[in-house]
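Here are some friendly notes to read with the model open beside you. Take the points one at a time and find each residue as you go.

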Amino acid sequence: MTIRPATPAERDTLEALQLRASLGNEGDREALLRHPDAIEVPMEQIRAGGVFVLEQDGAVVGFSAIATRADGDTELDALFVEPATQRRGVGKRLVEHCAKVARSKGSSCLHVVGNPHAERFYLACGFSIVGSFNTRFGPGLLMRLAL
Ligand SMILES: CC(C)(COP(=O)(O)OP(=O)(O)OC[C@H]1O[C@@H](n2cnc3c(N)ncnc32)[C@H](O)[C@@H]1OP(=O)(O)O)[C@@H](O)C(=O)NCCC(=O)NCCS
């Protein structure tokens, strides 16, 4: 497994991966079809070096995205793993990479608005639940990992 910054040319590939991964969350399909704009990997974020892809045997099987918050902490903006490759440690590796980058930027916490489907994953990665947040797609969990 290798993790590297995404390139602008990969944007469509990553958005297609995001859609496949998101459709795997039971109950999210209708919300996704109502809000197709939810599937977006911002070009500025790729150009800023905030999107990371994980390659396995030359194929991109997951990606994550981070952004610096006003308080200096880091937000985990996106995390998606190819459905056929889930539960093999890819998501955890991407979280660890984002935590390392966030730490190197001086952040003290990595934050995420977690999809409830991913609650047990984030807890397994060491995040704590600190609140809840109503997104336009439904309830989200405010979660935080101390760095
Ligand atoms: C959430 C997601 C990124 C996790 O990635 P992953 O590569 O499958 O997760 P990992 O294999 O690294 O899991 C690490 C640990 O988290 C826990 N975990 C992961 N998925 C889990 C699940 N569905 N149920 C319970 N525990 C889970 C397990 O403890 C797992 O370790 P184990 O497999 O040794 O038991 C992936 O399932 C995904 O892309 N989901 C769809 C999109 C999504 O909801 N993204 C999050 C948006 S906030």
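The numbered points below start at the ligand and then move to single residues.

1. First, a word on what you are looking at: this is a predicted model. Please keep that in mind as you read the values below.

2. Let us begin with the ligand, which sits in the largest pocket. The elements that give two or more residues to the shell around the ligand are strand E4 (74-81), helix H4 (90-104), strand E5 (109-114) and helix H5 (119-124). Helix H5 gives the largest share of this shell, with four residues.

3. How many residues surround the ligand? There are 20 of them, and the closest are Val81, Arg87, Gly89, Gly91 and Lys92. Sorted by class, the shell holds ten nonpolar, six polar and four charged residues.

4. Now look at some individual atoms around the ligand. Asparagine 25 places a polar side-chain atom 2.9 Å from an oxygen atom of the ligand. With leucine 79, the backbone takes part instead: one of its N or O atoms lies 2.9 Å from a nitrogen atom of the ligand. Arginine 87 also uses its backbone, with a polar atom there 2.8 Å from an oxygen atom of the ligand. As for the ligand's surface, it exposes 920 Å² when taken alone, and the protein buries 75% of that.

5. You will find it in the loop between E4 and H4. Is arginine 87 buried or exposed? Its relative accessible area is 85%, and the cut-off for exposed is over 50%, so arginine 87 is exposed. Its phi is near 65 degrees, a positive value in a residue other than glycine.

6. Aspartate 57 is another residue with a positive phi, of about 50 degrees, although it is not a glycine. Look for aspartate 57 in the loop between strand E2 (51-56) and strand E3 (59-68). With a relative accessibility of 81%, aspartate 57 counts as exposed.

7. Next, turn to glutamate 75, which has its place in strand E4. Why does glutamate 75 count as buried? Its relative accessibility is 16%, and buried means under 20%, so glutamate 75 falls in that class. The side chain of glutamate 75 is joined to that of arginine 69 by a polar contact of 3.1 Å.

8. Phenylalanine 52 is 34 residues from glutamine 18 in sequence, while their C-alpha atoms are 13 Å apart in space.

9. Finally, visit alanine 16 in helix H1 (residues 11-23). At 32% relative accessibility, alanine 16 lies between the cut-offs of 20% and 50%, so it counts as partly exposed. Alanine 16 and leucine 110 are 94 residues apart in sequence, and from C-alpha to C-alpha they are 26 Å apart in space.

Note on methods. Residues numbered from 1 in each chain as written. Predicted model: local features only at pLDDT ≥ 70, side-chain atom pairs only at ≥ 80, totals over all residues. Heavy atoms only, no water. Near = heavy atom within 4 Å. Polar contact = N/O pair within 3.5 Å; in protein donor to acceptor, adjacent residues only side chain to side chain. Areas by Shrake-Rupley, 256 points an atom, 1.4 Å probe, with all protein chains shown as cover. 1 Å grid on protein atoms, 1.4 Å probe; cavity = no way out; pocket = protein on both sides within 12 Å on 5 of 7 lines; lining within 4 Å. Sits in = over half its atoms within 2 Å of the grid points. Nonpolar A, V, L, I, M, F, W, Y, C, P; charged D, E, K, R; others polar. Buried < 20%, exposed > 50% of the residue type's maximum accessible area, 1.4 Å probe, protein only.
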